[in-house]
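Student: Please take a close look at a single part of this model, the place where the two chains meet. I would like one connected account of it.

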Amino acid sequence: MALADPAPAFDYKSKTALVIDDFPSMRAAFKTALAAFGLTKVDMAATAAEAISRVKRTRYDIIISDYNLGGGRDGQQVLEEMRHLGLIGLETAFLMVTAESVYERVVAAAELAPDDYLIKPFNADIMRTRLDGILAKKETFRQIHRDFMAGHMEAALAGCDGLIKGRSKYLIDAMRFKGEVLVAMGRHDEAGELYEQVIRMRAVPWARLGLARTLQLRNRLPEAERLLVTLVGQYPELVSGYDLLADVQVAMDKSHEAQVTLKRGVTMSPRSVQRQRRLGQVSYKNQDIEEAEGAFGAVVSKGKNSIYLAPDDFANLSRVYLETERGSDALRVIQDNQSWLQESTEGKLVASVMTGLYQARKGNVAEAERHMKEALRHRQMGADGKPELLLDMAEACLKSGLDEQAAQLVSEVARNAHDSEQLLDQAKRIYAAAGKGSEIDEVIRKATEQVARLSKEGALLAQKGDLVNATGTLLQAAQQAPRNPRVLMNAAWVALRLMEEDAGQSQHLAEVRALLEEAWNIAPDHPRIGGLQTKLRLVEAKLGFRSVPLRKKGPSHGRP
Amino acid sequence: MDDHDLYAALLHETKNHLVLLTLTLDSIPHTRQDAHDAPLDAARLLGHKVAERLMQAMLLYKAEAGALRLNAVNAYSPEDMVAEMAQQARSLAKHLEVVARVDADVPPIWFFDRNLLQMALMNAIHNSISYARARIEVRAALSDGMLALSVRDDSDGYPEHILELTAQGLPLQSNGTGLGIRFARLIAQAHRNEEREGELRLYNDAGAVFEMRLP
């Protein structure tokens, strides 16, 4: 029998903290409580936006945020934005304060969970022990986190194993982090086994979600689907479960089921811009225009203060209105947000294309042509557009007599989407509607032929183990289809495997990094992208290069 | 705003005020003068009790057909739990000796709903603070494959009628001690693992012993 030691006393004097709460009296109370622990370097933020701008300027050891912030964003979203944007690292302690006990269920499987949380009402002692607990854990995991960030995955794994074997009170935390490391390394089988091991101890939601993710990554989709359906049935508040389930269902060509799933997720947590957008996209694909309109509308209205709002969101909503013959609404979406759209070249492109398409559909050829020429100028200036937007552009070009430009656009889309029937069919429909259906087949064939052949050849070579030639072939395919994330990731994957085996092939490293950067910017949520990033770090470390995180391209569209 | 929204907003407001009140009381330093410190400690204890009653009320309001739903069962350290509860007791009752004990065979982690378990144990601690002579012990032990978290004091022990009622599993009267015990039993029973269900045990052993047993 042992006497339990009181929690270790941390030196709070050297620490800095940020308190985020919309009530001035609550901020003051936190400040007083922290001062009693010796922590006097405390900054305050009343809103999410203020908090984000503070962490951009200052590094904090501790962040305490209320969950309920008012003004459209909650503490969980603040946490997610800070981590997504890389504004805070694993070393920053994040304590969530909430009056909603239901938050516990949300956080139980959240991908980005705070380090700990406090349920109101609470007292100063509980607050102190929670902070002590977080800091002690950070201390224990410091080296593991450092190794992970530096790409020293084997060292991070060894660190986790040490805690697992050593009867540590961080046993489960170590298993959870080890699972993430294994997934990041692409060792999905081992990660799956690890999650099953946790589930045998207790079927906690995060372990079941982790297992489902590894099943998805191993392409065992029906199993993943079954697991997730049961999970969200038992834990309806588990929003990340709906997102993963919808991804699995889309991959299984069950897009109607995916729509129902996302709809449930959105009902549970209507504020997430990304989930609403995904619902809009899936509904649009299912030709459920009404649902698509609602979801895309929610993205634009609820996303007003979100860093996740993108110019393309206005194009999505505008397109839905055009589809239902409500041209003036389509135009209004663009005009009402003109000043925001004009802040970036991508926004300018969206504004020109959607306005031009509106005029083209109305039959105002001269007006349409003027806008399309403007759009083409934005493209020359380097403005990026989603394939759907480029097809809108092609349609408006075609309707305003810019046939050659239309063909170029379709060709570009097709080269980057040789594996997407949806986009190719859409291109064919546009030409058929313009009575030029016979021209398009040749354009598409020419555009897709080479990349399809190179992809297939490269995959075969890689299967045979000829990594040198597979890399060469797939890198060519990537040059042909520089906007197709799957082609880019395939090339990067094979090239990384080659360099892992043969350090003499390091000449591909810069190109691979550029490919991954591009793929990440096009498809930031793709399930393979995380594993590839880690693989890159791993190979870079092995070849003696200093690894830096991938860069986000283009201007940030976040409103202050 | 309908009645439900109004109710939610009122509750939210109440919780915020309660946090402010508690943190304010917690920030008043002791002066070692009884005329100052005694009412301060009494006020702090009352603040804790009000907070606890509010949490219980909300939980029962949400409970379906008398059964609580656990919010978040996860792995926690029994040792941390014991240390945290002992710290609470120490800070509320400077005149008592508070001992935290963890048996050697207690595993480093156990699965439970931390927030609910804390509510149950805090209720026991508040009772013990009112009745203990000189000493409170918070302890983690392993018993029959269950984690037993207990609060033990050196008081005269529970009155017979409470022990009888609890042993028979009958509902206890809904005031004071009875309410807290009834609530703790619901929390214990909500903890299930495979075929086993948690239980609350109350007994006297040179004082009152309040024991939450978790599978």
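Tutor: The contact between the chains takes 50 residues from chain B and 42 residues from chain A, where contact means heavy atoms within 4.5 Å. This is a predicted model, in which local features need pLDDT of at least 70 and side-chain atom pairs count only at pLDDT 80 or more, while totals for chains, interfaces and linings use all residues. Residues are numbered from 1 along each chain as its sequence is written, chains are lettered from A and ligands numbered from 1 in the order in which they are written, and side-chain values use heavy atoms, with hydrogens and water left out.

The size of an interface is often given as the accessible area lost when the parts come together. Between chain B and chain A about 4,200 Å² is buried, and carbon and sulfur atoms give 54% of that area. Buried area here is the accessible area (1.4 Å probe) that two parts lose on being put together, summed over both.

Across this interface the rule finds 4 salt bridges, a salt bridge being a side-chain nitrogen of Lys or Arg within 4 Å of a carboxyl oxygen of Asp or Glu. One salt bridge joins the side chains of B:Arg44 and A:Asp125, at 3.8 Å from N to O. Between chain B and chain A there are also 15 residue pairs in polar contact, both residues at pLDDT 80 or more. A polar contact is a pair of N or O atoms within 3.5 Å; within protein, one must be able to donate a hydrogen and the other to accept it, and residues adjacent in sequence count only if both atoms are side-chain atoms.

On the side of chain B that touches chain A, the elements giving two or more residues include the helices α1 (3-26), α2 (34-62), α3 (78-92) and α4 (114-131) and the strands β1 (73-76) and β2 (97-102) of chain B. Helices (H or I, at least four residues) and strands (E, at least two) are DSSP runs, numbered from the N terminus. α1(B) gives the most to this side, with 9 residues. By class, the side of chain B that touches chain A has 22 nonpolar, 14 polar and 14 charged residues. Ala, Val, Leu, Ile, Met, Phe, Trp, Tyr, Cys and Pro count as nonpolar, Asp, Glu, Lys and Arg as charged, and the others, Gly among them, as polar.

Chain B itself is divided into domain 1 (3-62) and domain 2 (73-214), with bounds from an automatic or database domain assignment.
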